[in-house]
Amino acid sequence: MKKVRCRSDSKLVIGQVNGDFQAKDTQMHKYYHLTMCLLSCFDEYELKHIFRENNDRANVLAKLASSKKSRQHRTCLLYTSDAADD
């Protein structure tokens, strides 16, 4: 069984994918369909909204992206999670 858990600090995106909000903007509608296509590859998925201040990985990626010039990125971030983590 293929499962994925996604966390996002975008309440709008999570709401759109979960069906709570409509993707009205043209670009968001394209992202919505791409996301649903990708999620269809999994037997089970969970999407959860988290607050930005609790999204350490996104904060690290944002700092990394803003600290280097284009094509100078040579850092690889590896994230692992225990199955018991929520």
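What follows is a set of questions on labels and the values behind them.

Tutor: This is a predicted model, in which local features need pLDDT of at least 70 and side-chain atom pairs count only at pLDDT 80 or more, while totals for chains, interfaces and linings use all residues. Residues are numbered from 1 along each chain as its sequence is written, and side-chain values use heavy atoms, with hydrogens and water left out.

Student: Which elements does the chain have, and in what order do they run?

Tutor: There are three helices and two strands, and from the N terminus on they run β-α-α-β-α. Helices (H or I, at least four residues) and strands (E, at least two) are DSSP runs, numbered from the N terminus.

Student: What makes Ser 8 buried or exposed?

Tutor: Buried means under 20% relative accessible area, exposed over 50%, and partly exposed in between (1.4 Å probe, protein chains only). Ser 8 has 17% relative accessibility, so Ser 8 counts as buried. The residue is found in strand S1 (residues 3-8). Of the 86 residues of the chain, 13% count as buried.

Student: What does the side chain of Ser 8 reach?

Tutor: That side chain comes to 3.0 Å from the backbone nitrogen of Ser 10. A polar contact is a pair of N or O atoms within 3.5 Å; within protein, one must be able to donate a hydrogen and the other to accept it, and residues adjacent in sequence count only if both atoms are side-chain atoms. There is another case at the start of H2, where a side-chain oxygen of Asp 25 reaches to within 3.1 Å of the backbone nitrogen of Gln 27.

Student: Why is Asp 9 called partly exposed?

Tutor: Its relative accessible area is 21%, so Asp 9 is partly exposed. Asp 9 sits in the loop between S1 and H1. Asn 54 is 45 residues from Asp 9 in sequence, yet their C-alpha atoms are 8.4 Å apart in space.

Student: How is Glu 46 classed, and where is Glu 46 placed?

Tutor: Glu 46 belongs to strand S2 (residues 44-49). With a relative accessible area of 31%, Glu 46 is partly exposed. Glu 46 and Arg 5 are 41 residues apart in sequence and 4.7 Å apart in space, C-alpha to C-alpha.

Student: How do you know that the length of H2 agrees with its residue count?

Tutor: The expected span of a helix is 1.5 Å times one less than its number of residues. For the 14 residues of H2 (residues 26-39) that gives 20 Å, and the end C-alpha atoms are 20 Å apart, so the two agree.

Student: Why are H1 and H2 called oblique?

Tutor: Angles under 35 degrees count as roughly parallel, over 145 as roughly antiparallel, 65 to 115 as roughly perpendicular and the rest as oblique. The axes of H1 (residues 11-18) and H2 cross at roughly 60° and come within 10 Å. H1 and H2 are therefore oblique to each other. Axes are lines fitted to C-alpha atoms, for helices over the stretch in contact, and angles run from 0 to 180 degrees between N-to-C directions.

Student: What is the class of Ala 23, in the loop between H1 and H2?

Tutor: Ala 23 is buried, since its relative accessible area is 16%.

Student: How many disulfides are there?

Tutor: A disulfide is a pair of cysteine sulfur atoms within 2.5 Å. By this rule the count is zero. For Cys 37, the nearest cysteine sulfur, that of Cys 41, is 6.0 Å away, and Cys 37 is in no disulfide.
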